[in-house]
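Work through the exercises below with the sequence and the model open. Each task is followed by a solution in steps.

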Amino acid sequence: MTASDKKFLAIMPRLNSRRVDRLLEDVIGCRWTISVLRAVGRGVNRPGALERYVTGISAKVLSDRLKRFSRAGIVARVVFPEIPPRVEYRLSDFGKKFLRLLREAEKLQAELDANGR
C-alpha cells in the first residue's frame, strides 16, 4: 500500500456499520459503481482490464471505486508477490450477496421499461 493509499484511507469514512441502507448510500454514490461491480462479478479482475471493460471510466475513478468497495468489504484485493506486482479484485462472500441487490434493481428497471415507464 502506497503512502497516498494510506492517506486516502485515513480520510475516508469508516464503514463499521453493517446496515445495508447506509452501505448503499455510501457505495452507490457514483455512476460507475454498478458497472464496476458488474464487471468484477463477471470475472474481470485486474485494474487495467476493468478500465478497458468499463467504457469511459478514468483510472482515478476506478481506483477510488475499488478502494471504497474494498473498504466496505464488497471486494477482496489480492496481491500476487511477483515482479512486476500483480493485483486482482474479487467479490467477497458479502460482495456476492450485495451484487444480488444490484441485480434486483436491474430487474425492476427491466419491468419498468417493459411497462413503458
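**Exercise 1: a helix pair**

Task: find which residues of H3 and H5 meet, and describe how the two helices are arranged.

Solution.
- Step 1. On the H3 side, the contact is made by Thr33, Val36 and Leu37; their partners in H5 are Leu62, Arg65, Leu66 and Phe69.
- Step 2. Sorted by class, the contact of H3 with H5 holds five nonpolar residues, one polar and one charged.
- Step 3. Two packed helices are described by the angle between their axes and the distance between the axes.
- Step 4. In this predicted model, the axes of H3 (residues 33-41) and H5 (residues 59-72) come within 11 Å and cross at roughly 70 degrees.
- Step 5. Angles of 65 to 115 degrees count as roughly perpendicular, so H3 is roughly perpendicular to H5.

**Exercise 2: an aromatic pair**

Task: locate the aromatic pair of the structure and classify it.

Solution.
- Step 1. Searching the whole structure gives one aromatic pair.
- Step 2. The ring centres of Phe94 and Phe98 lie 6.2 Å apart, and the ring planes are at 40 degrees.
- Step 3. Planes under 30 degrees apart would count as stacked and over 60 as edge-to-face, so the Phe94 and Phe98 pair is tilted.
- Step 4. Both residues belong to helix H6 (residues 93-114); because they are four residues apart there, about one helical turn separates Phe94 from Phe98.

Task: is Phe98 buried or exposed, and what is the state of Phe94?

Solution.
- Step 1. The cut-off for buried is under 20% relative accessible area.
- Step 2. Phe98 has 2% relative accessibility and therefore counts as buried.
- Step 3. Phe94 has a relative accessible area of 21%, so Phe94 is partly exposed.

**Exercise 3: a strand residue**

Task: describe the surroundings of Val87.

Solution.
- Step 1. Val87 is in strand S2 (residues 86-91).
- Step 2. With a relative accessible area of 16%, Val87 is buried.
- Step 3. Setting aside neighbours within four places in sequence, Val87 contacts Asn45, Arg46, Pro47, Arg77, Val78 and Val79.
- Step 4. Asn45 is 42 residues from Val87 along the chain, yet their C-alpha atoms are separated by 8.3 Å.

**Exercise 4: the whole chain**

Task: how many helices and strands does the protein chain have, and in which order do they run?

Solution.
- Step 1. The chain has six helices and two strands.
- Step 2. Starting at the N terminus, the order is α-α-α-α-α-β-β-α.
- Step 3. Of the 117 residues, 31% are buried.
- Step 4. Among contacts with a separation of 6 or more, 53% are between residues 24 or more positions apart.

Key:
Residues numbered from 1 in each chain as written. Predicted model: local features only at pLDDT ≥ 70, side-chain atom pairs only at ≥ 80, totals over all residues. Heavy atoms only, no water. Axes fitted to C-alpha atoms, helices over the stretch in contact; angles between N-to-C directions. Parallel < 35°, antiparallel > 145°, perpendicular 65-115°, else oblique. Contact = heavy atoms within 4.5 Å. Nonpolar A, V, L, I, M, F, W, Y, C, P; charged D, E, K, R; others polar. Buried < 20%, exposed > 50% of the residue type's maximum accessible area, 1.4 Å probe, protein only. Phe/Tyr/Trp six-rings, centres within 6.5 Å; stacked < 30°, edge-to-face > 60°.
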